Amino acid sequence: MISAPAPHRATTDRRAGARPAAQGVPPTGPIAPSRDGAHLSAEEPTGTKTAYDAIGARESHSNDGHTTEGCGMQATRGRSKFRKIWTRSLAGLAALLIAGAAGVVLAYPSVAATTCPGCYGLTELQPGVYTEQGLSGEQRAWVSQVVETARQRVSGFYGGRSGSPKLLVCLTEECYQHIGGGKERGIAVLNRSVMLSPRGLDPVIASHELSHVELHQRLSGGADVPQWFDEGLAVVVSNDPRYLAPESAPDRCLTDPTGPLPVTLGEWLHAAGQDPGTYAKSACQVSRWLRQNGGRAALHTLIKSLGNGGAFTALVKVAPQDQPTG
Ligand SMILES: [Zn+2]
């Protein structure tokens, strides 16, 4: 959930790729975006490509000179010159890559931390679950229980899990800030990993973030869903009592949508910052859509149809008064 209003927004903006936690309840959750993640991922290849392009240009220049020289001596000098240029090029590439990696670490510590938890002082509690060191037996047991409950909640809803995202769990604010966390309770990083703060160490927040990851792992071919659907679904999956009535209720809505719901991450962050009810409204819309279309099976059908190129707005019909923008 992208929850926390302003703080979340700041966190999200600063850390493209991470998705803040939900709003409302204590700042929870999930943030969003894979779109940001995609953006970040795209930047890395670009930098690398630039480096390779530069080397390619130098190689071409070197080869041209060698060809025009002729005799063995000149050829030797040409090869020597080529080796020198090649060596410099490799050194330049290495420097660029190191600088690029350092830049990523500085700009996106959460990405670096989820890539290498041990580099940030975290230790593996169980496969795929990392925590700070020195936890008591009771704390370790609590982390394991939260993770297990959250995984079961996600697995139960989706009918299995399509991946095993890393979870980085902090029991102190110091640890959370060190790995790039902010005011949010939890965050899905690049929709591939999850970070939980000491304030988000509970099954609702954990399953909310894991739902974001699970959904995006199942979406293929560049398919995506509006932010309101992603967040609303995470609230449904996590069964968040802050925003939804119990499953046994005839209608789980606590707050009816009164207008268009946010489609883009930017729209979401703005709306959620202005209206704490944005999560409840989105969850309301998703829960009604699920109920009116066959429940969880409808989600699987939607994911498949989106993967085949279907348009979300054509596949998901909502009441006119609830029509989201876009
Ligand atoms: Zn979320």
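The largest nonpolar core has 62 residues, and Leu167, Leu168, Val169, Ile179, Leu196 and Ala283 touch the most other members. A nonpolar core here is a set of buried Ala, Val, Leu, Ile, Met, Phe, Trp, Tyr and Cys residues joined through C-beta atoms within 7 Å. Helix α8 (residues 227-238) gives the largest share of this core, 7 residues. This is a predicted model: local features need pLDDT of at least 70, side-chain atom pairs count only at pLDDT 80 or more, and totals for chains, interfaces and linings use all residues. Residues are numbered from 1 along each chain as its sequence is written.

**Overall build**
- The protein has 12 helices and 6 strands. Helices (H or I, at least four residues) and strands (E, at least two) are DSSP runs, numbered from the N terminus.
- Of the 326 residues, 43% are buried. Buried means that 20 or more other C-beta atoms lie within 10 Å of the residue's own, with C-beta atoms placed from the backbone; exposed means 12 or fewer, and partly exposed is in between.
- Among contacts between residues at least 6 apart in sequence, 66% join residues at least 24 apart. A contact means C-beta atoms, placed from the backbone, within 7 Å.

**Confidence**
- The mean pLDDT is 76, and 65% of residues reach 70 or more. pLDDT is the predictor's confidence in each residue, from 0 to 100.
- Residues 1-17 stay under 50, with 88 contacts beyond four places in sequence.
- Residues 22-77 are also below 50. This stretch has 125 contacts beyond near neighbours in sequence.
- Where pLDDT is low, the predicted coordinates should not be read in detail.

**Around Leu168**
- Leaving aside neighbours within four places in sequence, Leu168 contacts Ala113, Thr114, Pro117, Leu122, Tyr130, Ile179, Ser193 and Met195.

- Strands β2 (residues 122-126) and β3 (residues 129-132) pair antiparallel over 4 bridges. Pairing requires at least two DSSP bridges between the strands.
- Thr123 stands opposite Thr131 in β3.
- The hairpin has 2 residues between its strands, and Gly128 takes a positive phi near 85 degrees.

**Helix α11**
- Helix α11 (residues 296-307) has 12 residues and spans 17 Å from first C-alpha to last, close to the expected 16 Å. The expected span is 1.5 Å times one less than the number of residues.
- Leu299, Leu302 and Leu306 are buried in α11. Seen down the axis, the buried residues fall within an arc of 60 degrees, so they line one face of the helix. The arc is that of the directions from the helix axis to the C-beta atoms.
- These buried residues pack against α10 (278-292) and α12 (312-315).
- Gly309 follows α11, with a positive phi near 100 degrees.

Key:
Contact = placed C-beta atoms within 7 Å.
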